[in-house]
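Dear colleague,

Please find below the structure that I promised to pass on to you.

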Amino acid sequence: MKKLKCVGAEFYGTRTTLFPALKTYYFLGCQELIEWMEAPRISGEVVVFPCLEELELRYCPKLRNAPSRFPRLKRLWIDEMDNNFSIENISTQLTSLTNLYIDHVKGLTCLPEGMLNNNKSLTYLQIVNCDELTCIALDVSDTLHCLEKLKITRCIALDLSG
């Protein structure tokens, strides 16, 4: 799917519950993908990905927009992105993450404020090769009490000493 540019409304169809059993979803190597749209609201509430637990967005450098409603998402992997808009968009409503991997995200200067604060069950956090990252905004005493493993490497602008 190297030439895929948009995942639009036609992807979802017309049902009110979409992908009811899907647990794992990968977007890998979609170099031209720019937008992954939210499901359209046809009539009433549309439930999308109600069982999705694992989402990987890897090697999709042009992706600028993605859905934000993943009620049971536990594992999120974001790798090789050219800006942080998609991270902010995806993370606005997440509350169930246990594992978060961020690698090679150009333009990411600070993790979105709610990303860590809203995910109280986060046990594994890995941030690698984010050269422009300067801050990780969170209240450590309140937020990361379940954290078992933290890996921050090759984030050359990040200063954790102060």
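In what follows, buried means under 20% relative accessible area, exposed means over 50%, and partly exposed means in between, computed with a 1.4 Å probe on the protein chains only. Please keep in mind that this is a predicted model, in which local features need pLDDT of at least 70 and side-chain atom pairs count only at pLDDT 80 or more, whereas totals for chains, interfaces and linings use all residues. Residues are numbered from 1 along each chain as its sequence is written, and side-chain values use heavy atoms, with hydrogens and water left out.

I begin with the cysteines. Cys-146 counts as partly exposed because its relative accessible area is 29%, and Cys-51 falls in the partly exposed class because its relative accessibility is 22%. The structure holds one disulfide, a term that stands for a pair of cysteine sulfur atoms within 2.5 Å. This disulfide joins Cys-110 to Cys-135, with an S to S distance of 2.2 Å. The pair links distant parts of the chain, 25 residues apart, since Cys-110 is in the loop between strand 8 and helix 2 (113-117) and Cys-135 is in the loop between strand 9 (124-128) and helix 3 (140-143). Helices and strands are here DSSP runs numbered from the N terminus, helices being H or I with at least four residues and strands being E with at least two. The link of Cys-110 and Cys-135 is left-handed, with -125° about the S-S bond. Cys-110 is partly exposed at 21% relative accessibility, and Cys-135 is partly exposed at 30%.

Next come the charged side chains. A salt bridge is taken to be a side-chain nitrogen of Lys or Arg within 4 Å of a carboxyl oxygen of Asp or Glu, and by this rule the count comes to six salt bridges. One of them is formed by Arg-69 and Glu-38, at 3.0 Å from N to O. These two residues lie 31 residues apart, Arg-69 in the loop between strand 6 (54-58) and strand 7, and Glu-38 in the loop between strand 4 (35-36) and strand 5 (47-48). Arg-69 is partly exposed at 27% relative accessible area, and Glu-38 is partly exposed at 30%.

Which residues are linked in a network of salt bridges? They are Glu-54, Glu-56, Arg-58, Arg-75 and Asp-79. Within it, Arg-75 forms a salt bridge with Glu-54, the closest N and O atoms being 2.6 Å apart, and the pair links strand 7, which holds Arg-75, to strand 6, which holds Glu-54, across 21 residues. Arg-75 also meets Glu-56 in a salt bridge of 2.8 Å, N to O; because Arg-75 lies in strand 7 and Glu-56 in strand 6, this pair ties together parts that are 19 residues apart in sequence. Arg-75 and Glu-54 are both buried; the relative accessible area of Arg-75 is 18%, and Glu-56 is buried at 7%.

The strands around these residues deserve a look of their own. Two strands are said to pair if DSSP finds at least two bridges between them. Strand 6 and strand 7 run parallel and are joined by five bridges, and in strand 7 the bridge partner of Glu-56 is Trp-77. Strand 7 and strand 8 also run parallel, with six bridges between them, and Met-81 stands opposite Val-105 in strand 8. Strand 7 is mostly covered, as six of its seven residues are buried.

Most residues other than glycine have a negative phi, and most peptide bonds are trans. His-104, although not a glycine, has a positive phi of about 55°; His-104 lies in strand 8 and is partly exposed, with a relative accessible area of 34%. Arg-154 likewise has a positive phi of about 55° without being a glycine; Arg-154 is found in the segment after strand 10 (149-153) and is exposed at 55% relative accessible area.

With best wishes
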